[in-house]
Each structure stands twice: as structure tokens, then as C-alpha cells.
Amino acid sequence: MSSLPVDNRSHRPEIAVTVDAVIITSRDGKPMLVMVRRGNEPFLGSWALPGGFVEIDEDLSDAASRELREETGLTIPAQALTQLGAYGRPGRDPRMRVVSIAYWAYRDHLDEPTAGSDAATSRLIPLDESLAEDFDLAFDHSQIVSDAVKAARREGWPVGDG
């Protein structure tokens, strides 16, 4: 039986882990999505989901909750976030190989988000607008939003038709 060397890191590519948070709320009966406008490259100025890199000693759901709070001022505890899935298509982030774990939550009557950290702007965007083909979403966030909407519909949340 052969075993791998104890230190074989030089043979593995560097991979980063990020989290993204899909937070859906409602305003006047209309489903809205918490979004940030990126203040940094890549995708400077594009809309994106709140999210970012996981710290070395941080649980994934805690990282999602932290990034949401830092970029939008909204506090949703880690245990209230539901893991949606993992997104790791090569090239999804032009900086390096990045795998993102997405979380989602539906919350009635959220406060208006306020930009912080590396977000230039943070606001509520009508969900149907964010799903439009011509809406400028960074990375593969349109796929993540679409998957979250499907999950919310399965759970019976009021996120529109379709």
C-alpha cells in the first residue's frame, strides 16, 4: 500500500474558497434581491451578490453571514442561511481558481442595505430585473440567483412566477 507524501502541496494548484449570499426580501408585495455594486476589480462597477473570501479559521456559513454584514450592513445569523450549492467552474473568477459556496435566505421586511467594505453601493434590486439577460451581474452570479429562486419556490416563498 503506497501513501502520499505528507507535504505534497507543491503538486496541487492553489484554490480559493469564497461564499456568496442570495438574500431575498419583499417590498410592497414585490420580491427584491440584496445586491452590491463592486468597488474593486474584477468586475469593477458590476452588480454582484454580497460575498467574499473565507478566512482560514472560519466556518463557511459564518463567512457568508460576515460578508453580508460587512458589505450591506444587514445581519442574518449563520444558522438562518441555507446552503444552496457549490460553484466552481474553471474561469468563473479571472483572478484565480475559486470555488464559491452559495447560501440563501428569504426575509420579510429587511432594512435598506448600506454599502460597506469593498462594496461601492448596496441596494435592493427587483428580483425580476436581476434575472433579466441584460442585467450586468459579475462572475456566475446570474446562475446562483436563478438556483436560489428555484429553491425559494420549492420552499413556497413568494418570489414570483416562473
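Start by selecting H109, which sits in the loop between β6 and β7; helices (H or I, at least four residues) and strands (E, at least two) are DSSP runs, numbered from the N terminus. H109 shows a positive phi of about 55 degrees although it is not a glycine. With a relative accessibility of 65%, H109 counts as exposed (exposed is over 50% relative accessible area, buried under 20%, partly exposed in between, with a 1.4 Å probe and protein chains only).

Before you move on, a word on what is loaded. This is a predicted model, where local features need pLDDT of at least 70 and side-chain atom pairs count only at pLDDT 80 or more, while totals for chains, interfaces and linings use all residues. Residues are numbered from 1 along each chain as its sequence is written, and side-chain values use heavy atoms, with hydrogens and water left out.

**More backbone stops**

Most residues other than glycine have a negative phi, and most peptide bonds are trans. Now pick D28, in the loop between β1 and β2. Its phi is near 50 degrees, a positive value in a residue other than glycine, and D28 is exposed, with a relative accessible area of 84%.

Next, go to P42 in the loop between β2 and β3. The peptide bond that leads from E41 to P42 is cis, with omega near 0 degrees.

**Aromatic pairs**

A pair of aromatic rings is described by the distance of the centres and the angle of the planes. How many aromatic pairs does the structure hold? There are 2. Rings of Phe, Tyr and Trp (its six-membered ring) pair if their centres lie within 6.5 Å; planes under 30 degrees apart count as stacked, over 60 as edge-to-face and the rest as tilted.

Show F43 and F139 together: this pair is edge-to-face, at 4.8 Å centre to centre and 65 degrees between the planes. F43 is in the loop between β2 and β3 (47–48) and F139 in the loop between α2 (127–130) and α3 (141–154), so the pair links distant parts of the chain, 96 residues apart. F43 is partly exposed at 30% relative accessibility, whereas F139 is buried at 17%.

Then switch to Y106 and W157, a stacked pair with 4.8 Å centre to centre and 20 degrees between the planes. Y106 belongs to strand β6 and W157 to the segment after α3, so this pair ties together parts 51 residues apart in sequence. Y106 is buried, with a relative accessible area of 4%; W157 is partly exposed, at 37%.

**Helix α1**

Colour α1 (60–72). Its buried residues include S61, A64, R66, L68 and E71. The buried residues of α1 pack against β1, β2, β4, β6 (98–106) and β7 (119–126), where contact means heavy atoms within 4.5 Å. Just after the helix, G73 takes a positive phi of about 80 degrees.

**The largest pocket**

Finally, select R38, G51, G52, R95 and F139, which lie nearest the centre of the largest pocket among its 22 lining residues. A pocket here is an open set of points on a 1 Å grid over the protein atoms alone, where a 1.4 Å probe fits, with protein on both sides within 12 Å along at least five of seven lines; lining residues have an atom within 4 Å of a point. Which element gives the most to the lining? That is β4, with 3 residues.
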